[in-house]
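Thanks for coming. I will take one structure today and go through it piece by piece. Please have a look at the sequence and the model first.

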Amino acid sequence: MLDVDSVAQRARGENFPVASIAFPRELRPHIRVLYTYARLVDILGDELDGGADARLEALGELEREVESCYSGTPSWPVLTDLQPTIERFELPREPFLRLIEANRMDQRISEYATWSDVKHYCIHSADPCGRLVLGVLRRLDDGEAVRLSDDVCTGLQLVNFLQDVPRDLALGRIYLPVEDRRRYDVTELDAPNEPLRQLLAFEAERARGLLSSGEPLGRRIGGRTGRAVAAFARGGLAAVDALERAKFDVFSRRPKPSRVRLARVAAGALVP
């Protein structure tokens, strides 16, 4: 049986992204509850005991809780926290449901044939997070901001895929497209090798290109809030730099930016 309270406590206890401290103080609680919801979905889809059937059942329960936010009273603690934010900013259902669907996809899809297939997954797993932030900023009606945000979020998701090749493999998932693995003649994903290094370098450049949308997105939003949004993309670029410094060795340890580097990214968002 799903222990809702323990999962909620775990999601609430996750570290808040460093760049988020640059958002205006009055918005931070709303950004935090959105982040907590996203972590809740991931915990249910990745870490819940009982295998795919148990995870799908829990995700179905969560979907009903999301619907309760719009037409009743949710009972799960994270959703109880989320409902006032949904109501205040008139956030749509779709991004919340897409995050759930991404985790359903994880239960039935083990690998993706093409980059387009991976990107379709990111449309569900990553892009909704940016759209919800734009909703809190009341910019969901700005089509160009949405497009740029989608690029940044897909780029951030791709960086995570590159950092987490061993972890994902252990979960039975491969997010590096078959077409790209064939292009670089990659046959081994469970140990360092030159074809894999070349593939990861290629995907890192793809991520860098997507993350380059962060600066125009920040300028479009403007002010301190725009700088805070752009800081998320800079954090992703810092992670790409860390991968490059590690020569794409994702097996010795998970390459990631230092706390000092991330602190500088956050501090830069605070400077007028």
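Which residues do ring pairs link into a cluster? The cluster consists of Tyr112, Tyr121, Phe161 and Tyr175. Before I go into it, two remarks on how to read the values. This is a predicted model, in which local features need pLDDT of at least 70, side-chain atom pairs count only at pLDDT 80 or more, and totals for chains, interfaces and linings use all residues. Residues are numbered from 1 along each chain as its sequence is written, and side-chain values use heavy atoms, with hydrogens and water left out.

Now the overall layout. The chain has 14 helices and zero strands; these are DSSP runs numbered from the N terminus, helices being H or I with at least four residues and strands E with at least two. Of its 272 residues, 52% count as buried. Buried means under 20% relative accessible area, exposed means over 50%, and partly exposed is in between, with a 1.4 Å probe and protein chains only. Among contacts in the chain with a separation of 6 or more, 68% come from residues 24 or more positions apart, where contact means heavy atoms within 4.5 Å.

Back to the rings. A pair of aromatic rings is described by the distance of the centres and the angle of the planes. Rings of Phe, Tyr and Trp (its six-membered ring) pair if their centres lie within 6.5 Å; planes under 30 degrees apart are stacked, over 60 edge-to-face, and the rest tilted. Searching the whole structure gives eight aromatic pairs. In one of them, tyrosine 112 and tyrosine 121 have ring centres 5.7 Å apart and planes at 50°, so this pair is tilted. Tyrosine 112 is buried, at 6% relative accessibility, and tyrosine 121 is buried at 5%. Tyrosine 121 also pairs with tyrosine 175: the centres are 5.3 Å apart and the planes are at 35°, so this pair is tilted. That pair links distant parts of the chain, with tyrosine 121 in helix H6 (residues 115–125) and tyrosine 175 in the loop between helix H9 (165–170) and helix H10 (178–183), 54 residues apart. Tyrosine 175 has 7% relative accessibility and counts as buried.

Next, helix packing. Two packed helices are described by the angle between their axes and the distance between the axes. Axes here are lines fitted to C-alpha atoms, for helices over the stretch in contact, and angles run from 0 to 180 degrees between N-to-C directions.

How do H8 and H11 pack, and at what angle? Helix H8 (residues 143–163) and helix H11 (residues 194–211) pack at about 155°, with axes 7 Å apart. That makes H8 roughly antiparallel to H11; the cut-offs are under 35 degrees for roughly parallel, over 145 for roughly antiparallel, 65 to 115 for roughly perpendicular, and oblique for the rest. From H8, the residues in contact include Asp151, Val152 and Leu162, and they meet a set in H11 that includes Leu200, Glu203 and Leu211. The residues of this contact divide into ten nonpolar, two polar and three charged. For that count, Ala, Val, Leu, Ile, Met, Phe, Trp, Tyr, Cys and Pro are nonpolar, Asp, Glu, Lys and Arg are charged, and the others, Gly among them, are polar.

H6, which carries tyrosine 121, packs with helix H7 (residues 127–136) at an angle of about 35°, the axes being 4 Å apart. Here Cys122, Ile123, His124 and Ser125 in H6 meet Asp127, Pro128 and Cys129 in H7. This contact divides into four nonpolar residues, two polar and one charged.

Is H7 enclosed by the rest of the structure or open, and why? Eight of its ten residues are buried, so H7 is largely enclosed by the rest of the structure. The buried ones are Asp127, Pro128, Gly130, Leu132, Val133, Leu134, Gly135 and Val136. Their cover includes helix H2 (28–46), helix H4 (77–89), H5, H6, H8 and helix H12 (214–221). After H7 comes arginine 138, with a positive phi near 60°.

Glutamate 67 lies in helix H3 (residues 51–71) and is partly exposed, at 28% relative accessibility. Leaving aside neighbours within four places in sequence, glutamate 67 is in contact with Arg93 and Leu97. Glutamate 111 sits in the loop between helix H5 (93–108) and H6, and is partly exposed at 37%.
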